[in-house]
Amino acid sequence: MSNKQIFREYIERVFNPQNFDLVYDYFSEECIFHTPPYVGLGIQVDDTIGDKVMIQEVTPHGPAAEHLQKGDEVIRVSDEAGIRETFEQISQGTWGQGKIATPITVTVRRGDETFDFTFSRGRIEGFDTVLSETLGVWKRYTQKNWPDQKAEIKLLIEDGEYLAYYMMIEGTNAEFNQPALWAESGIVRFENEKMTEWWSVEDGLSLYWQLGYEIKEPMLETA
């Protein structure tokens, strides 16, 4: 079976029907997902378990490294946008990201203790996650937030062990009850007819606009 056929079958049998039981028919358990560089803290959180926002991963080269830990519960965030201290406030938005060098204070609960950490947002070169460690989060997030999500492949280009794709994704966000349509493109590497590495980018700006987020023009600084 060609890599194009494997990818199309994955979209039809796993992604669109959200049949996560078949994931390892198409991926290796140690498949690595690479994220593009961004400005932030270098953390990933999980807000899909109960009413807590938990640190899921901490990249070793970000501002949060050696301070925040996997399993910390985020209970308060303070930055230039204000204070967030309820589950609804902390679980919404992308407070970990922002302008480079801007300060942010994160309060976490670790066991029976609480800690305040103040960071300056910095450039994160990329965040690698392993499928076997994040499959549960991926499954919970998708089923909770995008229960009717569907992808339509627009373009596939195969070159040896690599496959480039461009597709449109649409669905109704359960939290905001808003439909959205956005583009995703990426590159996948195959080995022994299974996906072993994945690089992708999404049109997040368009997605957030459709969900109702407001993006305002910044005030120009005067000399």
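This is a predicted model: local features need pLDDT of at least 70, side-chain atom pairs count only at pLDDT 80 or more; totals for chains, interfaces and linings use all residues.
For one example of the pairing, I looked up A151 and found its bridge partner in β12 to be I169.

I found an open sheet of six strands with mixed pairing, and I noted the order as β10-β1-β14-β13-β12-β11. I see β10 (128-130) and β11 (150-159) at the edges; each has a single partner strand, so one side of each is left without a neighbour in the sheet.

Then I turned to the helices. I found helix α1 (residues 3-15) lying across β1 (27-34), β11, β12, β13 (178-191) and β14 (194-202). I noted that α1 runs at about 165° to β11. Helix α3 (residues 131-145) packs on the sheet too, and I have it touching β1, β10 and β12. Its direction makes about 75° with that of β1.

My last entry is on I75. I located this residue in strand β5 (residues 73-79). Which residues does I75 touch, not counting those up to four places away in sequence? I listed R84, E85, I90, T107, V108, R109 and T114. I followed up on T114: I75 and T114 are 39 residues apart in sequence, and I read 8.9 Å between them in space, C-alpha to C-alpha.

Technical notes:
Residues are numbered from 1 along each chain as its sequence is written. Side-chain values use heavy atoms; hydrogens and water are left out. Helices (H or I, at least four residues) and strands (E, at least two) are DSSP runs, numbered from the N terminus. Contact means heavy atoms within 4.5 Å. Two strands pair if DSSP finds at least two bridges between them. Axes are lines fitted to C-alpha atoms, for helices over the stretch in contact, and angles run from 0 to 180 degrees between N-to-C directions.
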